[in-house]
Amino acid sequence: MREELREQEAEAYVRGVCFKTGPPERVGVETEWLVQDRRDPRLPVSDDRLIAALAPVAAADALPGGSRLTREPGGQVELSSPPARSLAACVEATAADLAALRDAVDRAGLALVGQGLDPYREPPRVLDHPRYRAMEGFFDREGPWGRVMMRRTASVQVNLDSGDDSDGFSGYRRRWELAHRIGPVLVAAFANSPLRDGRPTGWLSTRQALWTRMDAGRTRHPRHHRDPRVAWSRYALDARVMCVRGADDRDWSAPPGLTFRAWLRGVPGLRTATRADLDYHLGTLFPPVRPRGWLELRMVDAQHGDGWIVPTVLAATLLDDPAACDAALAATEPLCRDREPFPVDEVWRRAARVGLADPDLAKAARVCFAAADGALARHGAPAALRRALAVFAERYPERGRCPAHDQLDALSRA
């Protein structure tokens with residue numbers, strides 16, 4: 001029997017479940033990968049071939065570090081680490097699981113490719129669950145951008161604890177602010193999707209450009225409020241409903257324009273909304289920082305090889321070290337305008353289009369990398385983590401570059 005959910009109850013539930021407070025201790029990472037034929041990246045990879053390739057590592061206990069393996073709508077593969085008690089433990093477990101995954105796909109003649117956008121193929125949607133049919137139909141109402149995002153993009157997502165209830169650097173308010181402040185810096189420094197259909201798009205992060213063209217009520221950051229829990233609960237309830245769950249053989253499409261708040265207030269001919277519906281709705285919101293009981297930083301393009309380690313190290317260190325936190329907040333102050341505590345939309349667009357050619361973003365990136373390196377040294381972090389951060393910093397931010405430039409350079413030499 002379904003229980004009716006009232007609007008006030010829904011707001012309180014969102015505030016409680018999405019910002020679970022406590023000492024920030026855990027780190028997780030989700031790495032998405034394009035899957036390409038090892039001999040010719042332009043060839044399509046059938047779903048049957050991919051399923052067969054993943055079979056050796058598909059069982060729940062097959063990966064040594066305990067990561068969860070899932071497939072995305074266009075055949076991308078996602079590896080989600082369990083939460084770890086330290087940055088080093090997170091990286092170690094994820095690296096072991098990735099090694100096992102790479103070995104499995106390599107034996108099948110496939111390759112995991114870390115790029116934010118497939119530069120050649122327009123894959124079909126291989127997952128036929130009603131969620132993805134409804135999602136595609138929802139985004140199709142406003143253009144092709146959502147379809148491209150679902151089928152062709154890949155990212156690195158860093159997961160960090162929300163923080164405690166204090167007003168200091170470890171408090172959830174400060175961590176929420178800093179996560180948004182460094183967002184455009186992460187977009188610019190790690191931009192890695194400059195090509196579509198084999199040609200430059202004019203953006204260093206075409207993946208981020210796609211997000212800016214989609215439903216703003218679920219892809220932009222919430223309007224600022226001194227309490228992030230209030231800001232997020234308003235954002236979540238005012239976002240349009242993407243799907244109304246039912247039997248797997250039914251159409252889950254929601255009435256056009258329906259917000260969750262309107263659903264709570266009652267819609268003729270539509271069943272009442274439940275807490276389970278709200279939980280599902282929260283999983284269909286895609287802002288750059290998404291609170292799910294922890295903070296998901298979702299703005300980083302997928303990275304080549306073991307490049308996923310660097311944004312994981314950078315984001316976790318900036319949020320978890322007080323001196324690094326203060327340095328990052330000061331460095332990103334010029335990115336905020338008109339008394340807003342977060343960077344405005346134009347800054348996010350500049351980050352995606354020109355990256356570290358923007359002087360404010362370039363300066364902020366250099367400060368953030370230096371602050372993270374200093375924090376790692378103070379805490380005696382493993383040398384491999386410091387080395388990964390330093391090598392990336394010297395190759396990219398110190399030269400005003402990002403991984404997308406490597407793709408563009410290779411194209412110009414072809």
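Two residues are in contact here when heavy atoms of theirs lie within 4.5 Å. Keep that in mind as you look through these close-ups, which come from a predicted model.

**View 1. Ala388 and its partners from another part of the chain.**
Ala388 sits in helix α17, which covers residues 383-395. Leaving aside neighbours within four places in sequence, Ala388 is in contact with Ile309 and Val310. Pro311 is 77 residues away from Ala388 along the chain, yet the C-alpha atoms of Ala388 and Pro311 are separated by 10 Å. Is Ala388 buried, partly exposed or exposed? Its relative accessibility is 22%, so Ala388 counts as partly exposed; buried would mean under 20%.

**View 2. Helix α16 from end to end.**
Helix α16 runs over residues 359-378, 20 residues in total. From the first C-alpha to the last, α16 reaches 29 Å, close to the 28 Å expected at 1.5 Å a residue. Look at the start of α16, where a side-chain oxygen of Asp358 comes to within 3.1 Å of the backbone nitrogen of Asp360. After α16 comes Gly380, which has a positive phi, near 65°.

**View 3. The buried residues of α16.**
An α-helix has 3.6 residues a turn, so residues three or four places apart point the same way. With that in mind, find the buried residues of α16, among them Leu361, Ala364, Ala365, Cys368, Phe369, Ala372, Ala375 and Leu376. Which helices do the buried residues of α16 pack against? They pack against α3 (87-107), α7 (183-189), α13 (309-320), α14 (322-331), α15 (345-354) and α17.

Phe19 and Tyr172 form a tilted pair, with 5.8 Å from centre to centre and 55° between the planes. This pair links distant parts of the chain: Phe19 belongs to the loop between α1 (7-18) and β1 (27-37), while Tyr172 belongs to helix α6 (residues 172-181), 153 residues apart. Phe19 counts as buried at 4% relative accessibility, and Tyr172 counts as buried at 0%. Phe190 and Phe369 also form a tilted pair, 6.2 Å centre to centre with 40° between the planes. Phe190 lies in the loop between α7 and β6 (195-196) and Phe369 in helix α16, so this pair ties together parts 179 residues apart in sequence. Phe190 is buried, with a relative accessible area of 0%, and Phe369 counts as buried at 4% relative accessibility. Together with Phe392 and Tyr396, Phe190 and Phe369 form one aromatic cluster.

**View 4. Arginines over tryptophan rings.**
Here the charged end of Arg213 sits over the ring of Trp145, 4.6 Å from the ring's centre. In a second example, Arg353 lies over the face of Trp203, at 3.9 Å from the ring centre.

**View 5. The nonpolar cores.**
The largest nonpolar core has 103 residues, and Leu101 and Trp232 touch the most other members. Which helix gives the most to this core? It is α16, with ten residues. Zoom in on Trp232, and you will find that, not counting residues up to four places away in sequence, it touches residues including Val14, Cys18, Phe19, Trp176, Leu282 and Leu285.

Conventions
Residues are numbered from 1 along each chain as its sequence is written. This is a predicted model: local features need pLDDT of at least 70, side-chain atom pairs count only at pLDDT 80 or more; totals for chains, interfaces and linings use all residues. Side-chain values use heavy atoms; hydrogens and water are left out. Helices (H or I, at least four residues) and strands (E, at least two) are DSSP runs, numbered from the N terminus. Buried means under 20% relative accessible area, exposed over 50%, partly exposed in between (1.4 Å probe, protein chains only). The expected span of a helix is 1.5 Å times one less than its number of residues. A polar contact is a pair of N or O atoms within 3.5 Å; within protein, one must be able to donate a hydrogen and the other to accept it, and residues adjacent in sequence count only if both atoms are side-chain atoms. Rings of Phe, Tyr and Trp (its six-membered ring) pair if their centres lie within 6.5 Å; planes under 30 degrees apart count as stacked, over 60 as edge-to-face and the rest as tilted. A charge sits over a ring if NZ of Lys or CZ of Arg is within 6 Å of the ring centre and within 35 degrees of the ring normal. A nonpolar core is a set of buried Ala, Val, Leu, Ile, Met, Phe, Trp, Tyr and Cys residues joined through side-chain atoms within 4.5 Å.
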